[in-house]
Amino acid sequence: MEYTELADYPLPAGRLTEWVPRVDDDRWEPDPRGLSYTHQDHCERSAPGSWIGTVFEIHRRYDVEAVRATITAYMGRHEAFRTKVRRDEESGSWLRYTAPTDAVQVTDRAHTEPRTETQVFSHLHSWFGDTVSPTAWPHFVLATIEPDDASRALSNGPGESFLLAFAADHSVMDAYSQIYAINEIDRLYAHALEGIDPQLPEVGSYVDFSQSERALGETLTGDHSAVRTWQDFLAVEDGRFPAFPLPVSVDRSLTGPAAQSSISSWLLTSEQSDAFNAACRNAGYNMQAGILAALALTNVRLSGRTTLRTVMPMHTRDEQKWAAAVGWYVGILPMEIELGDARTFGEAVAAAATAGAANKGLARMPYSKIAQILESTEIPRFVVSYIDLRFLPDAEQWQDRKGRALRSNCHAEDEVYFWVNRTLQGLNISARFPSSDVASTNVHRFITEFVAVLTAVIDSDSGTDTVLTSASRSVTVAAE
């Protein structure tokens with residue numbers, strides 16, 4: 001499972017149909033449940049054209065009414081899709097409105113003329129960017145593409161199949177929601193088309209979760225330990241979030257934020273991932289700690305600094321009812337890995353595990369509320385995410401279905417994001433970073449050295465005693 005932009009996905013030529021949810025005006029009811037602090041902050045600061053989504057194949061015959069029934073059922077299961085917000089002009093507060101399950105209607109808009117691969121991409125890129133917004137409903141739109149004969153032959157897939165792609169606003173969806181959607185939508189389609197029991201779990205409502213997060217945030221004050229931890233963490237860089245450890249300069253003469261580049265790369269095979277995980281376990285820790293340790297060692301080898309500072313997203317699905325629920329169940333952790341005199345992987349992974357445990361549970365505290373208390377408008381600059389996706393429902397089918405999580409393109413002059421995902425196929429990294437020669441050079445070199453650290457652990461007979469503080473001679477850092 002890769003996490004990329006739509007431009008990196010091999011879309012087929014064929015017949016395109018848009019699918020747009022609709023609710024009559026009189027079906028919206030005022031809802032007293034508050035927005036999560038994360039949702040509110042997103043509404044106030046989200047850039048136009050920002051969205052996340054998913055694309056995958058459904059390996060059954062295409063049927064218009066079955067697609068309509070599937071989307072209706074999917075939105076009926078998840079209240080996040082059936083709620084909208086608006087800002088009261090007088091008070092400035094955000095008001096929520098929610099529609100019942102039976103209020104959702106789904107309209108199909110079929111394009112009569114077949115489209116080339118480029119035309120399909122151009123249309124979806126433009127439509128998703130123009131339509132999806134945190135303050136305009138629907139927050140979720142879909143498209144299906146029925147491949148033409150040439151595309152179907154090139155794909156070497158099943159005789160009856162079609163592609164489904166959707167875009168959603170981040171306020172109603174997170175990475176887990178994007179990926180769970182493949183399994184859920186496919187099963188709902190099988191039910192609509194053939195009557196097959198989808199065997200899906202009951203799910204809770206993200207609107208309820210938002211209310212609980214709001215209540216939690218309202219208990220925070222300036223002397224709360226979570227607030228003090230963040231204050232101390234940000235103070236290290238004069239109130240700013242940590243920056244990527246290598247230069248990522250952009251042309252300051254440009255007007256507005258710079259465009260960002262994006263890459264996706266497979267770091268390790270499945271067998272190599274198992275071997276690296278075994279080394280982590282032999283040291284007494286999990287693979288997340290191992291990944292962080294390898295990043296910290298990469299930092300030492302390239303920058304010479306023994307401390308790696310970053311921000312790490314963590315899911316907040318702390319009850320079973322949230323496990324498969326669509327919503328934005330994500331908090332962030334301040335991460336500071338101090339290697340000190342550590343020279344081996346075993347020492348580094350212990351330091352990484354200590355750093356992770358230091359702020360365990362802090363992700364559940366809404367950072368957007370903490371930022372209000374600290375009067376900070378800063379946003380993360382260097383972010384590292386790690387997710388193990390191997391055990392999600394139907395994960396073994398993602399490769400055949402050509403499933404991929406999507407994000408829109410982005411503009412930011414100094415942000416570097418790493419998404420490291422472990423799947424049944426191996427270890428993948430997706431990254432976005434400023435579109436400058438210096439940034440591209442240094443991010444690619446950082447990833448190259450990261451792989452060198454990972455493989456050194458795997459290939460070494462000494463395992464956790466492997467000395468990993470010397471950089472590969474072929475890897476150099478670009479200067480600003």
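Predicted model: local features only at pLDDT ≥ 70, side-chain atom pairs only at ≥ 80, totals over all residues.
Strand S3 and strand S6, the latter spanning residues 94-98, pair in the antiparallel sense over 3 bridges, and within this pairing Asp31 has Arg96 in S6 as its bridge partner.

- S3 and S6 belong, together with S5, to an open sheet of 3 strands, in which the order is S3-S6-S5 and the pairing is antiparallel.
- The edges of this sheet are formed by strand S3 (29-31) and strand S5 (83-87), each of which pairs on one side only.
- From one strand to the next, the twist averages 40 degrees.
- As a general point, the strands of a sheet pair through backbone hydrogen bonds, in either a parallel or an antiparallel arrangement.

**The helix across the sheet**

- Helix H1, made up of residues 37-45, lies across S5 and S6, and the helix runs at about 110 degrees to S6.

**The cysteines**

- The structure holds 0 disulfides.
- For Cys43, the closest cysteine sulfur is that of Cys410, and because the two sulfur atoms are 18 Å apart, they are too far from each other for a bond, given that a disulfide requires sulfur atoms within 2.5 Å.
- Cys43 counts as buried because its relative accessibility is 11%, which is under the 20% cut-off for that class.
- Cys280 is likewise buried, with a relative accessible area of 0%.

Terms used:
Residues numbered from 1 in each chain as written. Heavy atoms only, no water. Buried < 20%, exposed > 50% of the residue type's maximum accessible area, 1.4 Å probe, protein only. Pairing = 2+ DSSP bridges. Helix = DSSP H or I, 4+ residues; strand = E, 2+ residues; numbered from the N terminus. Axes fitted to C-alpha atoms, helices over the stretch in contact; angles between N-to-C directions. Contact = heavy atoms within 4.5 Å.
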